[in-house]
Structures are given as structure tokens and as C-alpha cells.
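Q: I am new to this structure and would like to learn how to read it. Could you take me through its features step by step?

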Amino acid sequence: YQRRVRGKSELKHRHEKDTVMEVSITPLGTSEVSTASYVALTARVCVNHDIRHEVHPMGTVIEGSVDDCLDVIKECIEKSLRHCPRVQLSARIDVRPGEFHRVDKKHKKIREISHLVGEE
């Protein structure tokens, strides 16, 4: 993460939990049809890192600092490669400095306005 300070670029180690990441890991070169064990592996890595996560049918949403999220991705790749010859990973990362608990806030907002859906 880089921050501009008086015209200079200054690298900052980010501790704030201002990052939301969605990650999907696909093992390649394996005879397994199901990816459930890799999803479980991702969840286990998140628990070991004490990082907030939610498992969804199409990926896992992780919330933490930029560094924590990237550490989780790296460990998931390393551990997945112990069980298959190739890993394909896609990730979407949203960093919003100063905003925290964004997943909880999004759930709350959706619950608040869900009664409006379909009304016209």
C-alpha cells in the first residue's frame, strides 16, 4: 500500500482492517470433481490467521488488513499446491481506508432496505 506524503511516495504497513477481498481457488490437474476440500482449506487458513471470513457458493469473502488478506492468499496457494499440481486463483480486493466492519455494515443495510425491493 502506498500513500502520498508531501509529493513523496511512502510505503506503509497496513494494520487497519479496511480491506474486503473475495477469493476463489480452483485446483487443476486433479481427478476430484468437488472443490469443497479447497474451500475448507481457505476457511481453515482464515481461522488460523484470526481473520473474519464468510464462505459463499462462488468464493470466500475475507475482511482484514491488506497484509492479512494477502498473507491468507499466499498460504492458501502454498497449501493447495501440496494436494494438486496447479492452482488457479481469482481475487477481488477492495481497500477503503478509514472504513471498518464493511461486511457487517453491508448486511445491515440490505436488511434495512430489503422490504423496499419489489415495491413500486
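A: Helices (H or I, at least four residues) and strands (E, at least two) are DSSP runs, numbered from the N terminus. By that reading, β3 and β5 run antiparallel and are joined by five bridges. One word on the source: this is a predicted model, in which local features need pLDDT of at least 70, side-chain atom pairs count only at pLDDT 80 or more, and totals for chains, interfaces and linings use all residues. Residues are numbered from 1 along each chain as its sequence is written, and side-chain values use heavy atoms, with hydrogens and water left out.

Q: How many helices and strands are in the chain, and what pattern does the chain follow along the sequence?
A: The chain has three helices and six strands. Along the sequence they follow the pattern β-β-β-α-β-β-α-β-α.

Q: What order do the strands of the open sheet have?
A: Strands of a sheet pair through backbone hydrogen bonds, either parallel or antiparallel. Here the four strands are ordered β4-β5-β3-β6, and the pairing is antiparallel. β4 (52–56) and β6 (86–95) are at the edges with a single partner strand each, so one side of each has no neighbour in the sheet. From one strand to the next, the twist averages 20°.

Q: Is β5 buried or exposed on its two faces?
A: Buried means under 20% relative accessible area, exposed over 50%, and partly exposed in between (1.4 Å probe, protein chains only). In a regular strand the side chains alternate between the two faces of the sheet. In β5, six of its six residues are buried. G59, V61 and E63 are on one side, with T60, I62 and G64 on the other. For the whole chain, buried residues make up 28% of the 120 residues.

Q: Which strands does each helix touch where it packs on the sheet?
A: Contact means heavy atoms within 4.5 Å. For directions, axes are lines fitted to C-alpha atoms, for helices over the stretch in contact, and angles run from 0 to 180 degrees between N-to-C directions. Helix α1 (residues 36–48) packs on the sheet and touches β3 (19–28), β4 and β5, its direction making about 170° with that of β4. Helix α3 (residues 102–113) also packs on the sheet, where it touches β3, β4, β5 and β6, at about 55° to the direction of β4.

Q: Where is D18, and what is it in contact with?
A: D18 lies in the loop between β2 (8–11) and β3. D18 counts as buried because its relative accessible area is 0%. Apart from neighbours within four places in sequence, the contacts of D18 include G64, D94, R96 and F100.

Q: Where is F100, and how far apart are F100 and E16 in sequence and in space?
A: F100 is in the loop between β6 and α3. Its relative accessibility is 31%, so F100 counts as partly exposed. F100 and E16 are 84 residues apart in sequence, while their C-alpha atoms are 7.9 Å apart in space. Setting aside neighbours within four places in sequence, F100 is in contact with E16, K17, D18, E63 and K105.

Conventions. Pairing = 2+ DSSP bridges.
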